[in-house]
Amino acid sequence: MNLTRLFAVALLVLAGCSNQSAQQLTGPSPVSSRLAPGLPPIEQSSPPRIRVWTDDGWRASQKEGIVSLAPQYVFDLEVPEGQAVTFHWSAQPAGQTIGNRWAVDLDGQDIEDNTPRSDDVTDIRHWSVWSLTEMTATVPPLSPGLHWVYIEARTKVGFVSLFPIRLTVLSESDPAISQAR
């Protein structure tokens, strides 16, 4: 058989020219059959939506899960100088989240920098490790000015959402704050 005929036969076989149905040739094809047991089909999945709150009553939640620093996806919080802030969070859909992590004022402001923390107590300028159980973080008192708190959640099928918080630490010596009282 010459090379041209061999190539033509191979193309016919690969193209599925047969009396058998496509189902018999390829087996089951739904996405759900290829995922690990218990995982929803990818088309039924979506990025997690993160809800965040503090001990003093501030609350915010995402309308949609997304990774974006566009102004409409940034949440604002003001705190007085010298005050630590404890953030709590949860992600929906429940049971689909397999990890959460957080950071403050990421080193270089690069949300994609996955450099590990040098330690879990003082190095908050790098992402914490992904954790299913850590859903609270206490940010120590920060210097007056603008800071960023980032919280991420990740689902079983790999969707990630970012919850960016623009944290403004107000100085007690700022005349605008003194006049507001």
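Three salt bridges are counted in this predicted model, where a salt bridge is a side-chain nitrogen of Lys or Arg within 4 Å of a carboxyl oxygen of Asp or Glu. Because the model is predicted, local features need pLDDT of at least 70 and side-chain atom pairs count only at pLDDT 80 or more, while totals for chains, interfaces and linings use all residues. Residues are numbered from 1 along each chain as its sequence is written, and side-chain values use heavy atoms, with hydrogens and water left out.

**Salt bridges**

- Asp-76 and Arg-166 meet through their side chains in a salt bridge, with 2.5 Å from N to O. This pair links distant parts of the chain, since Asp-76 lies in strand 3 (residues 75–80) and Arg-166 in strand 8 (residues 160–170), 90 residues apart; strands here are DSSP runs of E with at least two residues, numbered from the N terminus.
- Glu-152 and Arg-101 form a salt bridge with their side chains at 2.8 Å, N to O. Glu-152 belongs to strand 7 (residues 145–155) and Arg-101 to strand 5 (residues 97–104), so that distant parts of the chain, 51 residues apart, are linked by the pair.
- Asp-107 and Arg-125 also meet in a salt bridge between their side chains, at 3.6 Å from N to O. Both residues sit in the loop between strand 5 and strand 6 (136–139), 18 residues apart, and the pair is counted as linking distant parts of the chain.

**Exposure of the paired residues**

- Glu-152 and Arg-101 are both buried, a word that stands for under 20% relative accessible area, whereas exposed stands for over 50% and partly exposed for values in between, using a 1.4 Å probe and protein chains only.

**Strand 4 and its neighbours**

- Strand 4 (residues 85–92) is largely enclosed by the rest of the structure, because seven of its eight residues are buried.
- Strand 1 (residues 49–54) pairs with strand 4 in the antiparallel sense over six bridges, pairing being assigned if DSSP finds at least two bridges between two strands. Within this arrangement, Phe-87 in strand 4 is the bridge partner of Thr-54.
- Strand 6 runs antiparallel to strand 4 and is joined to it by four bridges, and His-88 stands opposite Thr-136 in strand 6.
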